[in-house]
Amino acid sequence: MFTATKGILKEYGYEVVTLAGAGHEVQILPVNGFNLFAWTFEGQELLMKPADLTAFGSKYGMPILYPTPNRIKDATYTWQGKTYVMTKRGQKILRHGLVMDEPFTVTRLEVDESSALCEAEIALREGDALTEGYPFPSTLTVRYTLTARGVHMDLSVRNDGREALPFGVAVHPYFSKRGDANRVFIKVPCRRIYETDDALIPTGRIVPAGEDKAIADDFRSVESLYLDTVYRGMTQDLESQVQYEDVVLHIRASDCFRNAVVFTPHDRPGFCIEPQTNATNCINLHAQGLIDESGLMVLPAGQTFACFVDYSVTKR
């Protein structure tokens with residue numbers, strides 16, 4: 001039996017959506033970027049437990065990054081010969097786009113015998129805070145569908161403007177170390193990475209991953225890695241994996257998600273494997289003529305682009 005319910009987190013006053021069934025339970029915060037912030041399977045956590053739910057943004061859960069995932073150098077970018085400063089409500093936005101800490105509007109909450117789903121959207125309208133430094137109106141729609149396999153995310157972008165829309169999209173999940181990163185192993189089937197400078201801004205070159213960053217062929221413990229690295233080479237037929245003692249989490253995504261960002265900090269109880277369409281500083285790489293390397297998506301006026309990220313769980 002699957003269920004889909006709305007409630008209020010009493011301690012915070014936030015609306016929360018809970019989807020449950022087949023041993024899974026997920027919780028979603030529409031007010032914080034439609035962030036799926038908690039996921040357990042048979043009572044065991046898969047996502048890092050939030051330290052503070054009021055810390056909106058990219059600190060926990062599965063933040064959705066749009067329209068410019070990862071860093072934009074100096075919060076300044078060039079598009080079609082014009083230079084812009086990425087701001088929101090007067091503040092420079094250096095990383096992770098505009099919507100990860102904004103409220104989404106829930107538009108669907110449904111359940112049947114084999115699934116439960118929740119869908120929400122956010123609009124970037126001409127003249128509002130979200131187009132202050134990014135004057136390209138659009139609507140982002142996200143749907144979470146919970147099944148016995150796990151969580152399937154569908155994302156779509158509609159260009160509501162009169163000009164081409166430059167964008168990227170990514171999902172930034174913090175998976176749980178479950179208290180011992182030596183017992184959690186990952187594998188990401190990419191053998192190339194973006195070369196970067198000291199500020200982690202790409203030079204434009206894509207190079208082979210060295211031994212310290214090689215995670216394509218063998219599982220490596222999260223504790224043995226210290227990465228904040230953009231890998232290149234994902235396709236829909238390839239999957240990244242997180243191996244726990246009891247289950248394996250499988251990550252697949254649409255072909256547009258050619259990159260996987262792997263972030264393994266040692267100062268927090270979680271780590272990230274992030275499906276991402278684009279490179280860091282993508283819009284500026286595109287302006288430099290590095291079209292393929294940038295991964296920047298360009299959507300004509302009036303059109304819609306759709307993609308997915310799939311997280312499935314198997315028992316060991």
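Buried means under 20% relative accessible area, exposed over 50%, and partly exposed in between, with a 1.4 Å probe and protein chains only. This is a predicted model, where local features need pLDDT of at least 70, side-chain atom pairs count only at pLDDT 80 or more, and totals for chains, interfaces and linings use all residues. Residues are numbered from 1 along each chain as its sequence is written, and side-chain values use heavy atoms, without hydrogens and water.

Q: What percentage of the residues of the chain count as buried?
A: The count runs over the 316 residues of the chain. The share that is buried is 55%.

Q: Why does the radius of gyration agree with a compact globule?
A: The radius is taken over C-alpha atoms, and the globule rule is 2.2 Å times the number of residues to the power 0.38. For 316 residues the rule gives a value near 20 Å, so the chain agrees, with 19 Å.

Q: Which are the edge strands of the open sheet of nine strands?
A: Two strands pair if DSSP finds at least two bridges between them. The order is β11-β12-β13-β14-β28-β24-β23-β18-β21, with antiparallel pairing. Strands (E, at least two residues) are DSSP runs, numbered from the N terminus. Pairing on one side only marks the edges, β11 (105-111) and β21 (220-221).

Q: Which residue in β28 is the bridge partner of Arg252?
A: Strand β24 covers residues 247-253 and β28 covers residues 304-315. Seven bridges join these antiparallel strands. In β28, the partner of Arg252 is Asp310.

Q: What share of the contacts with a separation of 6 or more links residues 24 or more positions apart?
A: Contact means heavy atoms within 4.5 Å. Among contacts in the chain with a separation of 6 or more, the share is 65%.

Terms used: Helix = DSSP H or I, 4+ residues; strand = E, 2+ residues; numbered from the N terminus.
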